[in-house]
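Reader: I would like to learn how to read a few features of a protein model. Please give the general idea each time, then the case at hand.

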Amino acid sequence: MWSKNKNLQRIFKGEVNYTMGMYDVSTTILNMYGLNNKYSVGSDIFNSKDDNMVVFPNGNFLTNKLYYNNSTGEYKVFDGSEVDEVYIQNLAKIAEEKLEVSNAIIVYNLHDTVSMDGE
């Protein structure tokens, strides 16, 4: 993060070496200011680190451990560890759920149909 404010430059320094998507940015920034949005699609990158997943519109996904191609079912493991089909299926299910929520918000304009106070 960049800021022309010298005090913030001292606070916001370092490098992120784990998976993060654009939808994680707002949740992460809100956390940095001590705020919480329970309706956020993304994750606070400081608290999810190794467990975070980036889901692409076509259903492919990326974690710190692997990249999965939804159309072919193929995946590439980055750290050389072995993964089983159950692990991949669980991640694919989570990716599909995130994509459904994202599509409901973006494509179907869900914010106009759901009240923020739960009504």
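Reader: Which residues is Asn52 in contact with, leaving aside its neighbours within four places in sequence?

Author: This is a predicted model. Here Asn52 is in contact with Thr19, Met20, Gly21, Asp24, Ser43, Ile45, Leu62, Thr63 and Asn64. Asn52 itself lies in the loop between α3 (45-48) and β1 (54-55).

Reader: Is Asn52 buried or exposed?

Author: A residue counts as buried if its relative accessible area is under 20%. Asn52 has a relative accessible area of 1%, so Asn52 is buried. For the protein as a whole, 24% of the 119 residues count as buried.

Reader: Which polar contact joins the side chain of Asn52 to another side chain?

Author: The side chains of Asn52 and Ser43 are joined by a polar contact of 3.4 Å.

Reader: Where is Thr19 found?

Author: Thr19 is in the loop between α1 (6-11) and α2 (25-32). Its relative accessibility is 9%, and therefore Thr19 counts as buried. The side chains of Thr19 and Asn64 make a polar contact of 2.6 Å. A polar atom of the Thr19 side chain also lies 3.4 Å from the backbone oxygen of Thr63. Not counting residues up to four places away in sequence, Thr19 touches Ile45, Asn52, Val54, Leu62, Thr63 and Asn64.

Reader: Next, the nonpolar side chains. Which residues make up the largest nonpolar core?

Author: In soluble globular proteins, nonpolar side chains tend to be buried together. In this model the largest nonpolar core has eleven residues: Met53, Val55, Phe61, Leu66, Tyr68, Val77, Val83, Ile88, Leu91, Ala95 and Leu99. Two or more residues of this core come from each of β3 (66-68) and α4 (85-106). The element that gives the most is α4, with four residues.

Reader: Which contacts does Val55 make, leaving aside its neighbours within four places in sequence?

Author: Val55 is in contact with Tyr23, Asn60, Phe61, Ala95, Lys98 and Leu99.

Reader: And Val83: where is Val83 found?

Author: Val83 is in the loop between β4 (75-77) and α4. With a relative accessibility of 17%, against a cut-off of 20%, Val83 counts as buried. Beyond its neighbours within four places in sequence, Val83 is in contact with Lys65, Leu66, Tyr75, Val77 and Ile88. Of these, Leu66 is 17 residues from Val83 in sequence, and their C-alpha atoms are 9.4 Å apart.

Reader: How many aromatic pairs does the count come to?

Author: A pair of aromatic rings is described by the distance of the centres and the angle of the planes. The count comes to two aromatic pairs. In the pair of Phe61 and Tyr68, the ring centres are 4.9 Å apart and the planes are at 25°, so this pair is stacked. Phe61 and Tyr68 are both buried.

Reader: Which ring does the charged end of Lys65 sit over?

Author: The charged end of Lys65 sits over the ring of Tyr87, 5.2 Å from the ring centre.

Reader: Last, the chain as a whole. In what order do the elements run from the N terminus on?

Author: The order is α-α-α-β-β-β-β-α, with four helices and four strands. Among contacts with a separation of 6 or more, 36% are between residues 24 or more positions apart. The protein exposes about 8,800 Å², of which carbon and sulfur atoms supply 54%.

Notes:
Residues are numbered from 1 along each chain as its sequence is written. This is a predicted model: local features need pLDDT of at least 70, side-chain atom pairs count only at pLDDT 80 or more; totals for chains, interfaces and linings use all residues. Side-chain values use heavy atoms; hydrogens and water are left out. Buried means under 20% relative accessible area, exposed over 50%, partly exposed in between (1.4 Å probe, protein chains only). Contact means heavy atoms within 4.5 Å. Accessible areas come from the Shrake-Rupley method with a 1.4 Å probe; for residues, only the protein chains shown count as cover. A nonpolar core is a set of buried Ala, Val, Leu, Ile, Met, Phe, Trp, Tyr and Cys residues joined through side-chain atoms within 4.5 Å. Rings of Phe, Tyr and Trp (its six-membered ring) pair if their centres lie within 6.5 Å; planes under 30 degrees apart count as stacked, over 60 as edge-to-face and the rest as tilted. A charge sits over a ring if NZ of Lys or CZ of Arg is within 6 Å of the ring centre and within 35 degrees of the ring normal. A polar contact is a pair of N or O atoms within 3.5 Å; within protein, one must be able to donate a hydrogen and the other to accept it, and residues adjacent in sequence count only if both atoms are side-chain atoms.
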